[in-house]
Amino acid sequence: MSTENAPADDRGTGAADGWRLFRGDGRARRPPMPEAPPWRRFGGARAETSAAGPGGGPYLIGPEQADVVSAALHLRRPLLVTGHPGTGKSSLAQAIAHELSLGRVLHWPVNSRATLQDALYRYDAVGRLREASLRRDRDEPEPHIGTFVRLGPLGTALAPRDRPRVLLVDELDKGDVDLPNDLLAVFESGEFEIPELARLPEDQADVDVLTADPGVTEPVHRGRVRCREFPVVVITSNGERDFPPAFLRRCVRLDLPDPDETRLREIIAAHLGPDILPEVDDLLTAFLNRRALGELATDQLLNAVFLRAGGVDIDAEAVRKAVLHRLGGTV
């Protein structure tokens, strides 16, 4: 059997050159895949209960910022978090849920098509009609309406519980200009109605509906969902749009600063171990210099340090530029 086109084995490659998995020479190989960074591991290799910092490890925040979070928790007000990309805005929700043992974070990623209705609940009327028709043809009872109602992330967060859920409303400034105002009534009342259930006869006053938690249902009485404890709402914004004063009045503001050199060293040690610190002075300097000229994210520095620890030639200018690239401007 000819081995002319068989994949080459790169195990004999020299250590100084062994990090180059892809060579661009057209030859098929079967190199051993290196271990993934902690923040890019999935399935069983990824801890579901992680504090979810930028590298999958502990989330580090200054005492002043932590006090603002505590103030929002006491006031039961949404926390509006701003700051440059990579400062840990979205990760803050994971950290709160982890430290307060509040379970899985409910995530509502906002885009230009996002509506309050979708965040509260969805009713699959077409699916219900189709299923009812199929069952009539088989002379079977019609499906229960609760099978076709699913609470969205905000609706699930407002379900009555003794301890609040954490809801991450990610990048609200990307949504429609009216979306913040649409949220005001829900934030003030802590409840909403599902008209499709409210119109049901008295013998169907209680309906179990699906939720944003996989495999979990929630009983709804007379079509109304009302919280017992207002959820911990973390709203992130990249500053692409101003919010109306009425909305801002109902939020506690938190601006996350870019971490300084001392905090960056703490973050690196927390996620990749303190032993790597003596080897990253030049990367820290390059990161801080590039950040002064434009936006850079902390996880970009972690990426560079992880590559250095794995033997990648991060000193090569092309690699360093690719990893520590600016986040703003034209790509």
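## Terms and confidence

A residue is called buried when its relative accessible area is under 20%, exposed when that figure is over 50%, and partly exposed in between (1.4 Å probe, protein chains only). Keep in mind that this is a predicted model, with local features needing pLDDT of at least 70 and side-chain atom pairs counting only at pLDDT 80 or more, while totals for chains, interfaces and linings use all residues. Residues are numbered from 1 along each chain as its sequence is written, and side-chain values use heavy atoms, with hydrogens and water left out.

So how does the confidence look? pLDDT is the predictor's own confidence in each residue, on a scale from 0 to 100. The protein chain averages 85, and 87% of the residues score at least 70.

## The parallel sheet

Strands of a sheet pair through backbone hydrogen bonds, either parallel or antiparallel. In this report, two strands pair if DSSP finds at least two bridges between them. Five strands build an open, parallel sheet here, in the order S2-S5-S10-S1-S11. At the edges sit strand S2 (106-109) and strand S11 (252-255), each pairing on one side only. From one strand to the next, the twist averages 20°.

Inside that sheet, strand S5 (residues 166-170) and S10 run parallel and are joined by four bridges; Leu 168 has Val 234 in S10 as its bridge partner. Helix H1 lies across S1, S10 and S11, running at about 160° to S11. For that angle, axes are lines fitted to C-alpha atoms (for helices, over the stretch in contact), and angles run from 0 to 180 degrees between N-to-C directions.

## A hairpin

Strand S7 (residues 206-210) and S8 pair in the antiparallel sense over five bridges. The two form a hairpin with six residues between them, and Gly 215 in the turn has a positive phi of about 75°. Glu 218 in S8 is the bridge partner of Val 209.

Strand S8 (residues 217-221) has two faces: Glu 218 and Val 220 are on the covered one, while Thr 217, Pro 219 and His 221 are on the uncovered one.

## Nonpolar cores

A nonpolar core here is a set of buried Ala, Val, Leu, Ile, Met, Phe, Trp, Tyr and Cys residues joined through side-chain atoms within 4.5 Å. The largest core has 38 residues, and those with the most contacts inside it are Trp 108, Leu 154, Leu 172, Leu 197, Ile 235 and Phe 247. The elements giving two or more residues to this core include S2, H5, S5, S7 and S10. Helix H6 gives the most, with five residues.

Leaving aside neighbours within four places in sequence, Leu 154 touches Leu 116, Ala 119, Leu 120, Leu 167, Leu 183 and Val 186.

## Salt bridges

Side chains of opposite charge can pair when their charged atoms come close. A salt bridge is counted when a side-chain nitrogen of Lys or Arg is within 4 Å of a carboxyl oxygen of Asp or Glu, and the whole structure has 18 of them. Asp 25 and Arg 29 form one, with the closest N and O atoms 2.5 Å apart. Asp 25 is partly exposed at 41% relative accessibility, whereas Arg 29 is buried at 19%. Glu 261 and Arg 265 meet at 3.4 Å, N to O; these residues are four apart in helix H9 (residues 261-272), so about one helical turn separates them. Both count as partly exposed, Glu 261 at 37% and Arg 265 at 25%.

Which pair ties together parts that are 153 residues apart in sequence? That's Arg 76 and Glu 229, whose closest N and O atoms are 3.1 Å apart. Arg 76 lies in the loop between helix H1 (63-75) and strand S1 (79-82), and Glu 229 in the loop between strand S9 (224-226) and strand S10 (232-237). Arg 76 is partly exposed at 43%, as is Glu 229 at 24%. Finally, a network of salt bridges links Glu 191, Glu 193, Arg 224 and Arg 226.

How values were computed
Contact means heavy atoms within 4.5 Å.
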